[in-house]
Amino acid sequence: MKFKQLTVASLATVAALVATSTAQAAITVYTNQAAYLAAVSSPGVDTFAGLSITGSTPSPLTRTAGSYGYTASVSTTSFYGAGTTANPWLSTNTASDTITFGSFTGGVSAFGGNFFGSNISGLFQAGSVTLSATDASGTTTQTIVGATTSSFLGFVSDGALLSASLKSVQPTTGALWATADNLTLATTLAVPEPQTYAMLLAGLGVVGAVARRRRSSKR
């Protein structure tokens, strides 16, 4: 019985060390949708169904993507309709505006979707957009150069995501409005780092050594 108690206690110590080693969050960037989906669990998609494409929509917006909730906001007072009735997009009313996504619910640790630019009429326009994602480790930023409506970008954290943002890179002439479609939120399964495996093996080795000493003391 004492041996069993000692084993459980030792394993509990190892588990505590493992938890400590994985506490620091980090963000991985995905530019391929299939790879992003393979790295996440239980994805939910917001296609922005129901958004007006003929006028403005007040900010902030409270939306859902599957079982996850989130808010989207802009620094000005509203979003503007973009896309088509069959396929609406989320876009800004002012070209220089940044869309901020936050207040995630459901344990969101992954954020992705199609991100690109649109023109003053809410139709696709070639250009570049910049996205950022923030978790406990800091902010990671990525720019999609020459984005199209099928351009995908995803951020996956091994901790909770705090926020994400989207803005357009303004061209030399004219203007470009930041636009999003098929916003995909998800959770991730923690993957132990190499040092975690080493610590676990070392801990199990200690347990085994103690067990051998206790058995030999009974001879």
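A quick definition before the points: two strands count as paired when DSSP finds at least two bridges between them, and strands themselves are DSSP runs (E, at least two residues) numbered from the N terminus.

1. Ground rules. This is a predicted model, so to read it: local features need pLDDT of at least 70, side-chain atom pairs count only at pLDDT 80 or more, and totals for chains, interfaces and linings use all residues. Residues are numbered from 1 along each chain as its sequence is written, and side-chain values use heavy atoms, with hydrogens and water left out.

2. The open sheet. Have a look at the 6 strands in the order β4-β5-β8-β14-β11-β12, paired antiparallel. The edges are β4 (61-65) and β12 (138-147); each has a single partner strand, so one side of each lacks a neighbour in the sheet. On average, neighbouring strands here are turned by 20 degrees against each other, direction ignored (axes are lines fitted to C-alpha atoms, and angles run from 0 to 180 degrees between N-to-C directions).

3. β11 (residues 127-135) and β14 (residues 161-169) run antiparallel and are joined by 8 bridges.

4. Around β6. On one side, β3 (residues 56-58) runs antiparallel to β6 with 3 bridges, and Pro58 has Ser78 of β6 as its bridge partner. β6 and β7 make a hairpin with 4 residues between them. As for burial, 5 of the 6 residues of β6 are buried (under 20% relative accessible area, with a 1.4 Å probe and protein chains only).

5. What is the volume of the largest cavity? It comes to about 50 Å³, and the count at 30 Å³ or more is 1 cavity. Here a cavity is a set of points, on a 1 Å grid over the protein atoms alone, where a 1.4 Å probe fits but cannot get out; lining residues have an atom within 4 Å of a point. Volume is the space filled by probe spheres set on the points, which are joined across faces, edges and corners.

6. Its lining. The residues lining the largest cavity include Phe79, Tyr80, Gly81, Trp89, Leu90 and Ser91. β6 (78-83) and β7 (88-92) are the elements giving two or more residues to this lining. By type, the lining has 5 nonpolar, 4 polar and no charged residues (Ala, Val, Leu, Ile, Met, Phe, Trp, Tyr, Cys and Pro count as nonpolar, Asp, Glu, Lys and Arg as charged, the others, Gly among them, as polar).

Terms used: 1 Å grid on protein atoms, 1.4 Å probe; cavity = no way out; pocket = protein on both sides within 12 Å on 5 of 7 lines; lining within 4 Å. Buried < 20%, exposed > 50% of the residue type's maximum accessible area, 1.4 Å probe, protein only.
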